[in-house]
Each structure stands twice: as C-alpha cells, then as structure tokens.
Amino acid sequence: MHATTLTTPDGPFSILVDEVPDASGTAVAPAQQAVLAAGWTADLDALLALVHPTLRPGTAPGRLAATSPSGGVLAEAADAVRAFYDGDHGAPGRVPVRQVSGPFRTHAWDVLREVKAGERITYSEYAVRSGRPAAVRAAAGACAMNAAALFVPCHRILRTDGTLGGFRYGLPIKQSLLARETTPPR
C-alpha cells in the first residue's frame with residue numbers, strides 16, 4: 001500500500017492506494033491500482049482503519065509512511081486533489097477507487113461518483129438514484145462508511161431539509177467544499 005499527504009486549503013489531505021498482489025504474489029500493475037481511502041487527515045493509521053480488511057492484507061497500523069507520489073495511481077490521485085483545489089472539481093471523479101461492502105452500499109458508492117460538482121442532492125434523492133427509494137438510512141450509511149472522501153463525493157449529499165448533515169472531517173470542511181464547487185474556476 002502506498003500513501004501520501006498533501007497540504008490543501010482545508011488542511012492535510014491523505015490518500016491510500018492499493019498494492020494488491022495477484023494470485024502469483026506479484027504486485028498489481030499501476031493500471032489496476034485504485035484509491036482505497038482518502039480524507040482530510042495526516043493520520044494514515046486512522047485512514048487505514050476505514051479500508052475494508054480484505055483490501056489491506058499485510059498492512060498493519062504504524063507501518064504506513066507518506067511518500068512523494070512518483071507515478072501510478074498515487075500520483076494521479078494527488079494531481080486530481082491539486083486540480084480540484086485549482087478549480088477542476090471533476091478531477092477526483094476520474095481517478096479509480098476501490099471499496100468493498102455489500103451489494104447496495106457498493107452500488108451506492110458508484111452512484112455517488114455520478115453526482116456532479118456543484119450538484120447537491122438529499123439523502124432521499126440519493127436513495128432514489130441508488131435504486132431503493134425507501135432505503136434513506138442505508139443511503140446515509142453509505143455516505144458515513146465512504147472511505148474515499150473527495151473521490152467518492154459524499155459531501156454533496158444533504159439532509160432532506162437542505163442542511164449539511166454530518167461529515168467525517170467536520171462540517172466546516174463540507175461547507176468549504178460545497179462553496180468551492182459553486183465558485184467558477186479561476
């Protein structure tokens with residue numbers, strides 16, 4: 001597993017990228033790598049804890065260290081975060097992400113990636129888009145369990161009354177992201 005921490009206007013932002021071996025034990029080619037977790041923290045162990053256990057074999061807490069992204073998906077992800085803060089709010093959506101859960105949550109995360117920058121939808125609308133209109137709590141749970149913040153933009157989902165709701169990294173960051181996405185690029 002590879003990691004990096006970037007400085008952003010909203011604070012430190014870390015990214016974890018997989019290095020899953022294939023059946024022969026060889027590391028996966030960069031073209032098959034994906035972001036496993038990302039968020040506004042410099043605590044790589046806290047970020048690692050968000051990754052499904054099947055996606056982190058052999059990676060124990062305390063063994064991760066941030067490095068400078070020198071290629072592959074880690075560099076692509078870091079570039080996408082920088083591009084987001086420079087005004088290309090769709091850049092994180094072009095980076096591959098891998099998360100594991102049950103069928104509904106996995107599908108719901110894919111649906112989240114379709115919510116465009118500047119678009120805000122409610123948990124109810126999100127449940128409808130995810131194919132289960134009555135599953136509003138399950139849709140909210142998918143947001144809460146999302147390990148790949150920014151790349152899977154759960155910050156774009158609001159409460160039914162239009163208020164912000166929760167956000168793992170705090171409401172000031174969620175508000176900053178939403179405001180940033182409604183401001184035209186420089």
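Which helix gives the most to the lining of the second largest pocket? In this predicted model, that part falls to helix α5, residues 136–144, with three residues.

**Fold**
- The protein is built from six helices and five strands.
- Read from the N terminus, the elements follow the order β-β-β-α-α-α-β-α-α-β-α.
- Take the contacts between residues at least 6 apart in sequence: 58% of them join residues at least 24 apart.

**Burial and surface**
- The protein has 186 residues, and 45% of them count as buried.
- Its accessible surface comes to about 8800 Å², with 55% belonging to carbon and sulfur atoms.

**Largest pocket**
- The volume of the largest pocket is about 180 Å³.
- Its lining is made up of 16 residues, and those nearest the centre are Leu50, His52, Val100, Trp109 and Met145.
- Sorted by class, this lining holds ten nonpolar, three polar and three charged residues.

**Second largest pocket**
- For the second largest pocket, the volume is about 150 Å³.
- Residues lining the second largest pocket include Tyr123, Ala140, Cys143, Ala144, Asn146 and Ala149.
- Also in that lining are Cys154, Gly166, Phe167, Arg168, Tyr169 and Lys174.

Definitions and conventions: Residues numbered from 1 in each chain as written. Predicted model: local features only at pLDDT ≥ 70, side-chain atom pairs only at ≥ 80, totals over all residues. Heavy atoms only, no water. Helix = DSSP H or I, 4+ residues; strand = E, 2+ residues; numbered from the N terminus. Buried < 20%, exposed > 50% of the residue type's maximum accessible area, 1.4 Å probe, protein only. Contact = heavy atoms within 4.5 Å. Areas by Shrake-Rupley, 256 points an atom, 1.4 Å probe, with all protein chains shown as cover. 1 Å grid on protein atoms, 1.4 Å probe; cavity = no way out; pocket = protein on both sides within 12 Å on 5 of 7 lines; lining within 4 Å. Points joined across faces, edges and corners; volume = space filled by probe spheres on them. Nonpolar A, V, L, I, M, F, W, Y, C, P; charged D, E, K, R; others polar.
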